Every structure is written in structure tokens, then in C-alpha cells.
Amino acid sequence: MMIKPSINELDKVVGNRYSLVCAVAKRAREISLGSEQLVVCDSDKEVTIAANELYQGKIRITENKDASEEEAGEENA
């Protein structure tokens, strides 16, 4: 059974597989802990629901600039 949307379709939306995997995993964890799902999906699996939310634009990946600045500061210290 193929998961819809496919990894290739999601990769076109995100452009970075690492960010894609991290975002879907984080959102799937939120859903499993009781967060309301944002899309209607044929599956009851959290990862599939999270992938569909990302593909349909219901969630976005944002860069945490504060964390990257802190890491850069620690490297220079």
C-alpha cells in the first residue's frame, strides 16, 4: 500500500528531506498526544495525517533563528 502523498510529492513542497521528516514526526507526535487534526484523511495513522497536513498547506516548516544563533555563539566561544 502506498502512502499518499508520496515522499517525492512532499519533497517538492518542502525541498529538504531532513526538515520534512522532522516536521512530520513532530506533528505526528502532537496528534498522538491529542492535538486536533487539521485535515480529513482516510487513514487514522498519525504520520499519514501529518504528511497530508503538510502537503495541503495546513502546517508550515519555520526556521528557528534563535536556536541557530545560539549554536553559532557557542561555537565561537
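User: What share of the contacts in the protein chain with a separation of 6 or more comes from residues 24 or more positions apart?
Analyst: This is a predicted model, where local features need pLDDT of at least 70 and side-chain atom pairs count only at pLDDT 80 or more, while totals for chains, interfaces and linings use all residues. Residues are numbered from 1 along each chain as its sequence is written, and side-chain values use heavy atoms, with hydrogens and water left out. A contact means heavy atoms within 4.5 Å. Among contacts in the protein chain with a separation of 6 or more, residues 24 or more positions apart account for 37%.

User: Which pattern does the protein chain follow along the sequence?
Analyst: Helices (H or I, at least four residues) and strands (E, at least two) are DSSP runs, numbered from the N terminus. The protein chain has 4 helices and 0 strands. Read along the sequence, the pattern is α-α-α-α.

User: How are α1 and α2 placed to each other?
Analyst: Axes are lines fitted to C-alpha atoms, for helices over the stretch in contact, and angles run from 0 to 180 degrees between N-to-C directions. The axes of helix α1 (residues 7-14) and α2 come within 9 Å and cross at roughly 105°. Angles under 35 degrees count as roughly parallel, over 145 as roughly antiparallel, 65 to 115 as roughly perpendicular and the rest as oblique. α1 and α2 are therefore roughly perpendicular.

User: Which residues of α1 and α2 make the contact?
Analyst: On the α2 side the contact uses Arg17, Ser19 and Leu20. From α1 come Ile7, Asn8, Leu10, Asp11 and Val14.

User: What does the angle make α2 to α3?
Analyst: Helix α2 (residues 17-32) packs with helix α3 (residues 46-55) at an angle of about 120°, and their axes are 8 Å apart. That angle makes α2, relative to α3, oblique.

User: How many nonpolar, polar and charged residues has the contact of α2 with α3?
Analyst: α2 brings Leu20, Val24, Arg27, Ala28, Ile31 and Ser32 to Glu46, Val47, Ile49, Ala50, Ala51, Glu53 and Leu54 of α3. Ala, Val, Leu, Ile, Met, Phe, Trp, Tyr, Cys and Pro count as nonpolar, Asp, Glu, Lys and Arg as charged, and the others, Gly among them, as polar. By class, the contact of α2 with α3 has 9 nonpolar, 1 polar and 3 charged residues.

User: How many residues of α3 are buried?
Analyst: Buried means under 20% relative accessible area, exposed over 50% and partly exposed in between (1.4 Å probe, protein chains only). Those buried in α3 are Thr48, Ile49, Ala50, Ala51, Asn52, Glu53 and Leu54, and the buried residues of α3 pack against α1 and α2. The helix is mostly covered, and its buried count is 7 of 10.

User: Which residues does Asn52 touch, not counting those up to four places away in sequence?
Analyst: Asn52 lies in helix α3. At 11% relative accessibility, Asn52 counts as buried. Leaving out residues up to four places away in sequence, Asn52 touches Lys4, Pro5, Val39 and Cys41.

User: Is Cys22 buried, exposed or partly exposed?
Analyst: Cys22 sits in helix α2. Cys22 and Ile61 are 39 residues apart in sequence, with C-alpha atoms 9.4 Å apart in space. With a relative accessible area of 36%, Cys22 is partly exposed.

User: How many of the residues of the protein chain, in percent, count as buried?
Analyst: The protein chain has 77 residues. The share that counts as buried is 25%.
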